[in-house]
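These exercises go through one structure step by step. Try each task before reading its solution.

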Amino acid sequence: MSLEWDTPLFQQAQTQLERALVTAGVSDFVAERLRNPERAVMFTLPVRMDDGTIRSFPAYRVQHSSVLGPTKGGIRYDLGVSLGECAALAMWMTWKCALLRLPYGGAKGGVRCDARAHSQAELSRITRRFASDLAPFIGPKQDIPAPDMATNEQTMAWIMDTYSMGKGYAVPEIVTGKPVSIGGSVFRHEATGAGVVMVIERACGRLGWELATQRCVVQGFGNVGGIAATELYDKRATVVGVSDISGGLHDPNGLDIPALHAHVAANGSLEGYDRARRISNEELLALECDILVLAAREDQVTGENAGSLRCKLVVEGANGPTSPAADAILAERGIPILPDVLTNAGGVTVSYFEWVQDLSRFFWDRDEIRNRLAEKLGDAFDRVWELAEERSTTLRDAALIAGIREVAAALEARGIYP
């Protein structure tokens, strides 16, 4: 492993890659090319704060593979952002795009900051400086950012505007996940969470389960977990536990998800909600349930706590929430995992739809997008499930093998230049 990327998350991504390479059947040339990103850029962003002082923020953008097309991936604002974290997430995005057969490679970037500690004006200046420095390295046919942790439609609007000002004309296709008023796609905001439940439904069908009879726990109540909880609730599954940064809530008879959303809208988090039992995050993960949705952040189920899970199916709505040690423990316990590169791919899939719409300046309605998303996720799920059965392997390994093979075919066809 190159020392530049040597972080626990990148080690996790490489461990998964090396495990999949054993059975993927690709050449040594392909394997070596996929182990490290193609390009990484680092910045120090000087930004004027509201009080007139100047602060510097480290920022990164990593592009893992461009063999299938422009790179694609989110931008996050978090105190944990590092070069290695971005490299791991970019690698996972490569497999995700290839698995869904999208004409993209993987990228990821971010600024090391606490978004909650800054005003909107400060966030605007951080974003615009980042976008200005990034401009030579991104483009509609080069690298297309999207929202991620602590970024949103407004962040993408600032990036789109900054890039467009440099070009002298509007370039909506430079980012996805932006407001509909400037070329964003309907259903993009809901896509990741809704896609998680589409994959859960498909898995229930294969397992012979009825989704409406399942008891579910959702870790995370933000853009992914909150929408996944709503989709589960609307499909009459019983959501018995949820959590966010303020802690968890449990009701064995089922939580009122619309009431929880109303509380969050009024108060900013689940804190103070008094119609369910307050529990810790550790207690939430150990609740007895059928389906556990991990939609918070990476490294939540580890070798230390995997033995305490009391679910029948783990669903990865976040990126990298299950460590390799936990994978082994859950496999031994017979608990399947719906892996992140498949399960949370709804966001990048609808981002692809948004990019296509922007390029053509022709827009689709919500039903068409939802139907197209279900078709793409269903096709990918079926290929992964069938490969897992054929190879007697885990769903994660099957998903990675399928994605790696797509990239490998393109690498073998294109070769190395010069």
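**Exercise 1.** Describe how helix α6 and helix α12 pack, and which residues make the contact.

Solution. Helix α6 covers residues 188–207 and helix α12 covers residues 346–360. They pack at an angle of about 145 degrees, and their axes are 7 Å apart. Axes here are lines fitted to C-alpha atoms, for helices over the stretch in contact, and angles run from 0 to 180 degrees between N-to-C directions. On the side of α6 the contact is made by R188, A191 and T192; on the side of α12 by G346, G347, V350, S351 and E354. Contact means heavy atoms within 4.5 Å. By type, the residues of this contact are two nonpolar, four polar and two charged. In this count Ala, Val, Leu, Ile, Met, Phe, Trp, Tyr, Cys and Pro are nonpolar, Asp, Glu, Lys and Arg are charged, and the others, Gly among them, are polar.

The model is predicted: local features need pLDDT of at least 70 and side-chain atom pairs count only at pLDDT 80 or more, while totals for chains, interfaces and linings use all residues. Residues are numbered from 1 along each chain as its sequence is written, and side-chain values use heavy atoms, with hydrogens and water left out.

**Exercise 2.** Give the strand order of the open sheet of seven strands, and say which strands stand at its edges.

Solution. The order is β9-β8-β7-β6-β10-β11-β12, and the pairing is mixed. Two strands pair if DSSP finds at least two bridges between them. Helices (H or I, at least four residues) and strands (E, at least two) are DSSP runs, numbered from the N terminus. At the edges are β9 (277–279) and β12 (337–338); each has a single partner strand, so one side of each is left without a neighbour in the sheet. Next take β6 (residues 215–219) and β10 (residues 291–294), which pair in the parallel sense over four bridges. Q219 has L294 in β10 as its bridge partner.

**Exercise 3.** Describe the open sheet of five strands and the helix that lies across β1, β2, β3 and β4.

Solution. The strand order is β1-β2-β4-β3-β5, with mixed pairing. The edge strands β1 (39–48) and β5 (143–147) have a single partner strand each, so one side of each is left without a neighbour in the sheet. From one strand to the next, the twist averages 20 degrees. Strand β3 (residues 71–77) pairs with β5 in the parallel sense over five bridges, and G73 stands opposite P145 in β5. The helix is α3 (residues 83–99), which lies across β1, β2 (54–63), β3 and β4 (105–111) and runs at about 150 degrees to β4.

E85 is buried, with a relative accessible area of 5%. Leaving aside neighbours within four places in sequence, E85 is in contact with T7, L9, R76, G80, R297 and E298.

**Exercise 4.** How many disulfides does a search of the whole structure find?

Solution. The search finds zero disulfides, a disulfide being a pair of cysteine sulfur atoms within 2.5 Å. For C97, the nearest cysteine sulfur is that of C86, 16 Å away. C97 is buried, with a relative accessible area of 0%. For C204, the closest cysteine sulfur is in C216, at 7.7 Å, too far for a bond. C204 also counts as buried, at 1% relative accessibility.

**Exercise 5.** Is A402 buried or exposed, and what does A402 contact beyond its neighbours within four places in sequence?

Solution. A402 is in helix α14 (residues 395–414). At 12% relative accessibility, A402 counts as buried. Beyond those neighbours, A402 is in contact with L99 and L387. A402 and L387 are 15 residues apart in sequence and 8.0 Å apart in space, C-alpha to C-alpha.

Definitions and conventions:
Buried means under 20% relative accessible area, exposed over 50%, partly exposed in between (1.4 Å probe, protein chains only).
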